[in-house]
Amino acid sequence: MLSVILDDTRDPARNLALDEALVRVAAPHRPGPGGRLREPRAPVLRVWQNAPSIVVGRFQDARADVDVAACARDGIAVVRRATGGGAVCFDSGTLAFTLVQLPPAPPVPG
């Protein structure tokens, strides 16, 4: 069953941290308590918005691709996400979706 999270935070850094945490917690292949593999989690859909901001990719050179000084002057946060890709501009009306759906864990012998 799909779990849905309607998030009301607008903090760009917090939103990116929440997305990364969702992936880490949901990962079925990572050992849990006692070294046992975790059961796969249900898919999660998170709906969220950022305050005006620029989100750059993990390997992107933000200083080359974004006018960081202008962003600072105008109160626009520049944050980095854990995944690749190019810069994405968020304004106060941008609606974002995160879908975390991982493959099932491999069978555990025994």
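This report describes the fold, the surface and the aromatic pairing of a predicted protein model.

## Secondary structure and contacts

In this predicted model, the secondary structure of the protein comprises three helices and six strands.

Where contacts join residues at least 6 apart in sequence, 74% of them link residues that are at least 24 apart.

## Burial and accessible surface

The protein has 110 residues, and 30% of these count as buried. Its accessible surface amounts to about 7200 Å², and carbon and sulfur atoms account for 59% of that area.

## The aromatic pair

The ring criterion gives a count of one aromatic pair in the protein. The partners are Trp-48 and Phe-90, whose ring centres lie 5.7 Å apart; because their planes stand at 25° to each other, and planes under 30 degrees apart count as stacked, the pair is assigned to the stacked class. Trp-48 belongs to strand E2, which spans residues 44-48, whereas Phe-90 belongs to strand E5, which spans residues 88-90, and the pair therefore ties together parts of the protein that are 42 residues apart in sequence.

Both partners also fall within the buried class, for which the cut-off is under 20% relative accessible area: Trp-48 counts as buried because its relative accessibility is 5%, and Phe-90 counts as buried because its relative accessibility is 9%. The stacked pair of Trp-48 and Phe-90 is thus formed by two residues that count as buried.

Methods: Residues numbered from 1 in each chain as written. Predicted model: local features only at pLDDT ≥ 70, side-chain atom pairs only at ≥ 80, totals over all residues. Heavy atoms only, no water. Helix = DSSP H or I, 4+ residues; strand = E, 2+ residues; numbered from the N terminus. Buried < 20%, exposed > 50% of the residue type's maximum accessible area, 1.4 Å probe, protein only. Contact = heavy atoms within 4.5 Å. Areas by Shrake-Rupley, 256 points an atom, 1.4 Å probe, with all protein chains shown as cover. Phe/Tyr/Trp six-rings, centres within 6.5 Å; stacked < 30°, edge-to-face > 60°.
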